[in-house]
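Thanks for sending this one over.

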Amino acid sequence: MPSSASVLDPRVAIVIATRNRSASLLDTLRHLVDGSGQAQIVVVDNGSTDDSPAAVRTAFPTICVVELGENRGAAGRTVGVAAVNTPYVAFSDDDSWWMPGALAHAADLLDGNSRLGLIAGSVVLGDDARLDPACLEMARSPLPARRSLPGRPVLGFIACGAVVRREAYLAVCGFEPHFGVGGEEELLALDLAGAGWDLAYVPAVIARHYPSAMRDPTQRNRVIVRNALWSAWLRRPFHRALRNTAAAARAAWHDPAHRAGVAEALRGLPWVARARRPIPSTVE
């Protein structure tokens with residue numbers, strides 16, 4: 001990755017969806033803003049009840065703040081993507097930021113590969129910079145390597161470590177509004193691949209993440225279970241969706257969060273049935 005003192009790149013806008021995390025959001029922005037004014041940063045506020053929008057406007061008056069007035073979860077990012085005019089968009093959480101040179105490197109790779117729709121960067125956690133376990137899975141992707149790609153082909157990513165081609169993201173309508181936050185990446189990855197875009201894991205594109213202490217692990221696990229089932233029901237062939245459902249049902253016997261996630265997924269069956277659109281067999 002090219003060495004650079006700057007985090008930002010004029011080809012890449014940064015979109016941050018946030019809710020009620022004013023302190024960590026301001027800390028994130030201090031790591032991202034370099035004073036050059038060369039890149040767009042958009043903060044999308046998902047109906048915060050704290051002072052997040054006002055605090056950003058006071059501390060960073062040049063940053064665009066979009067107040068949604070409600071919690072749209074990960075789909076709030078789509079509002080931010082629509083608001084910018086750069087060819088590429090990087091996502092940050094309100095507790096993560098990009099390392100110097102990462103976005104310039106990602107933009108160079110996207111410039112050089114017109115079918116590359118998303119770069120899944122590596123995400124390092126905390127002060128000790130340990131690699132997120134999901135990155136180890138992406139590095140071992142079983143998909144066949146292709147010389148045209150700058151890294152391992154993948155069908156998943158970590159949102160706060162992703163740089164997307166804006167055209168590709170908007171063409172598939174971005175993150176699903178029903179999903180909230182937690183495992184929302186799987187469906188978008190399938191939709192991008194189904195539309196003919198490539199996704200690649202590039203370890204040299206690095207984001208640093210300090211997961212918020214405000215997270216509720218039980219609630220997050222419930223959402224992840226629900227969204228995994230919805231992804232399967234929306235995009236996978238029936239036999240695969242049934243297999244995933246059976247596995248989730250078995251796990252639900254032993255885990256309350258799993259039970260809650262399965263129950264919530266079942267309550268969503270009416271909209272899922274209406275929205276079902278299986279991926280092409282080549283992607284499956």
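The points below go through the helices, the cores, some loop residues and the cysteines.

1. A word on the ground rules. This is a predicted model, in which local features need pLDDT of at least 70 and side-chain atom pairs count only at pLDDT 80 or more, while totals for chains, interfaces and linings use all residues. Residues are numbered from 1 along each chain as its sequence is written, and side-chain values use heavy atoms, with hydrogens and water left out.

2. Let's start with helix H8 (217-235). Helices here are DSSP runs of H or I with at least four residues, strands are runs of E with at least two, and both are numbered from the N terminus. At the start of H8, a side-chain oxygen of Asp216 comes to within 3.1 Å of the backbone nitrogen of Thr218.

3. Buried means under 20% relative accessible area, exposed means over 50%, and partly exposed is in between, using a 1.4 Å probe and protein chains only.

4. Helix H10 (residues 256-267) has 12 residues, which should span 16 Å at 1.5 Å a residue; its end C-alpha atoms are 17 Å apart, in agreement. Ala257, Gly261, Val262, Glu264 and Ala265 are buried in H10. Viewed down the axis, these buried residues fall within an arc of 165 degrees, so they line one face of the helix; the arc is taken from the directions between the helix axis and the C-beta atoms. As a reminder, an α-helix has 3.6 residues a turn, so residues three or four places apart point the same way. Pro256 and Arg267 are exposed on the other side of H10. Helix H8, helix H9 (238-252) and helix H11 (269-275) are included in what covers the buried residues of H10.

5. Which elements cover the buried residues of H3? They include strand S1 (12-18), strand S2 (41-45), strand S4 (88-92) and helix H6 (166-171). The buried residues of H3 (residues 76-83) are Gly76, Arg77, Thr78, Gly80 and Val81.

6. The largest nonpolar core has 37 residues, and Phe91, Leu118, Phe157, Phe175, Leu192 and Leu199 have the most contacts inside it. Helix H7 (residues 185-194) gives the largest share of this core, 5 residues. A second, separate core of 34 residues includes Leu32, Val56, Ala106 and Ala107. A nonpolar core is a set of buried Ala, Val, Leu, Ile, Met, Phe, Trp, Tyr and Cys residues joined through side-chain atoms within 4.5 Å.

7. Phe157 deserves a click. Not counting residues up to four places away in sequence, Phe157 touches residues including Leu118, Met138, Phe175, Leu188 and Leu199, where contact means heavy atoms within 4.5 Å.

8. Asn46 sits in the loop between S2 and helix H2 (52-59). With a relative accessible area of 4%, Asn46 is buried. Its side chain reaches the backbone nitrogen of Arg72 at 3.1 Å, and the backbone oxygen of Gly73 at 3.1 Å. Leaving aside neighbours within four places in sequence, the contacts of Asn46 include Ala17, Thr18, Leu68 and Gly76.

9. The side chains of Asp95 and His209 make a polar contact (3.0 Å). A polar contact is a pair of N or O atoms within 3.5 Å; within protein, one must be able to donate a hydrogen and the other to accept it, and residues adjacent in sequence count only if both atoms are side-chain atoms.

10. Two loop residues have a positive phi without being glycine. Ala129, with a phi of about 55 degrees, lies between strand S6 (116-125) and strand S7 (130-131), and is partly exposed at 34% relative accessibility. Cys173, with a phi of about 70 degrees, lies in the loop between H6 and H7 and is exposed at 58%.

11. Finally, the cysteines. How many disulfides does a search of the whole structure find? It finds 0, a disulfide being a pair of cysteine sulfur atoms within 2.5 Å. For Cys135, the nearest cysteine sulfur is that of Cys160, 8.7 Å away. Cys135 is buried, at 0% relative accessibility, whereas Cys64 is partly exposed at 35%.

Key:
The expected span of a helix is 1.5 Å times one less than its number of residues.
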